[in-house]
Amino acid sequence: MKRFFLVYLQSLFYIMAGINHFRNPETYYRLIPPYLPAHIQLNTLVGIAEIICGIFLFFSPTRKWAAYSIVLMLLAFIPAHIYFIKMGSCLPDLCVPQWVGWTRLLILHPLLIAWAWYAKNVNLKAESKK
């Protein structure tokens with residue numbers, strides 16, 4: 001039951017995160033480093049990718065693919081976290097204490113990667129038969 005809960009919670013987490021890219025796009029535009037092109041399209045792509053990965057985590061046949069994709073996506077987000085830290089964890093209309101940026105990069109981000117890695121081998125069908 002614990003595995004079931006963790007995988008579905010992760011699925012919902014990424015679906016909601018993806019939807020948030022469309023509900024509050026300005027927040028994400030500010031977090032995208034200026035050296036990356038096409039901020040609007042990049043935000044849209046990430047939102048779609050998070051929603052798709054979240055949906056694919058629900059299903060055993062696509063779970064491993066989704067988990068690997070989430071890990072790669074989280075690794076691709078590292079430059080945005082570093083950019084935020086370099087900016088003093090303060091962008092226009094978005095300022096947090098410096099430790100928040102470091103905590104996101106050094107603690108939260110690795111935990112999210114580990115959570116996705118954990119989900120890749122969860123077989124909910126086998127667990128539901130127990």
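**A walk through one predicted chain**

Hi everyone! Of the 130 residues in this chain, 34% count as buried, where buried means under 20% relative accessible area, exposed means over 50%, and partly exposed lies in between, with a 1.4 Å probe and protein chains only. Before we go on, this is a predicted model, so local features need pLDDT of at least 70 and side-chain atom pairs count only at pLDDT 80 or more, while totals for chains, interfaces and linings use all residues. Residues are numbered from 1 along each chain as its sequence is written, and side-chain values use heavy atoms, with hydrogens and water left out.

Let's start with the overall picture. The chain has seven helices and two strands; these are DSSP runs numbered from the N terminus, with helices being H or I of at least four residues and strands being E of at least two. Starting at the N terminus, the order is α-α-α-α-α-β-β-α-α. The C-alpha trace spans about 50 × 30 × 20 Å along its principal axes.

How do the parts of the chain meet? A contact means heavy atoms within 4.5 Å. Among contacts with a separation of 6 or more, 67% are between residues 24 or more positions apart.

Now, the pocket. Rolling a probe the size of a water molecule over the atoms shows where empty space is left. The rule here uses a 1 Å grid over the protein atoms alone: a cavity is a set of points where a 1.4 Å probe fits but cannot get out, a pocket is an open set with protein on both sides within 12 Å along at least five of seven lines, and lining residues have an atom within 4 Å of a point. Grid points are joined across faces, edges and corners, and a volume is the space filled by probe spheres set on the points. The largest pocket holds about 730 Å³ of space.

Which residues lie nearest the centre of the largest pocket? They are His21, Tyr28, Glu50, Phe77 and His81, out of 27 lining residues. Helices H1 (2-23), H2 (25-31), H3 (39-57), H4 (60-76), H5 (78-86) and H6 (98-119) each supply at least two residues of that lining, and H3 gives the most, with six. Sorted by class, the lining has 21 nonpolar, four polar and two charged residues. In that sorting, Ala, Val, Leu, Ile, Met, Phe, Trp, Tyr, Cys and Pro count as nonpolar, Asp, Glu, Lys and Arg as charged, and the others, Gly among them, as polar.

His81 lies in helix H5, and at 9% relative accessibility it counts as buried. Leaving out residues up to four places away in sequence, His81 touches Arg104, Leu105 and His109.

Follow the chain out of H5 and the backbone does something to look for. Just after H5, Gly88 takes a positive phi of about 75 degrees. Then comes Ser89, which has a positive phi of about 55 degrees although it is not a glycine. Is Ser89 buried or exposed? Ser89 is buried, at 0% relative accessible area, in the loop between H5 and E1. Ala38 also has a positive phi of about 55 degrees without being a glycine, but Ala38 is partly exposed at 41% and sits in the loop between H2 and H3.

Next, the cysteines. A disulfide is a covalent bond between the sulfur atoms of two cysteines, and here it is called when a pair of cysteine sulfur atoms lies within 2.5 Å. The structure holds one disulfide, and it joins Cys90 to Cys95, with 1.6 Å from S to S. Cys90 is partly exposed at 33%, while Cys53 is buried at 3%.

Last stop: Tyr118 in helix H6, partly exposed at 30% relative accessibility. Tyr118 touches Arg3 and Leu6, not counting residues up to four places away in sequence. Tyr118 and Gln10 are 108 residues apart in sequence, and their C-alpha atoms are 11 Å apart in space. Compare Leu36 and Arg63: 27 residues apart in sequence, and 30 Å from C-alpha to C-alpha.
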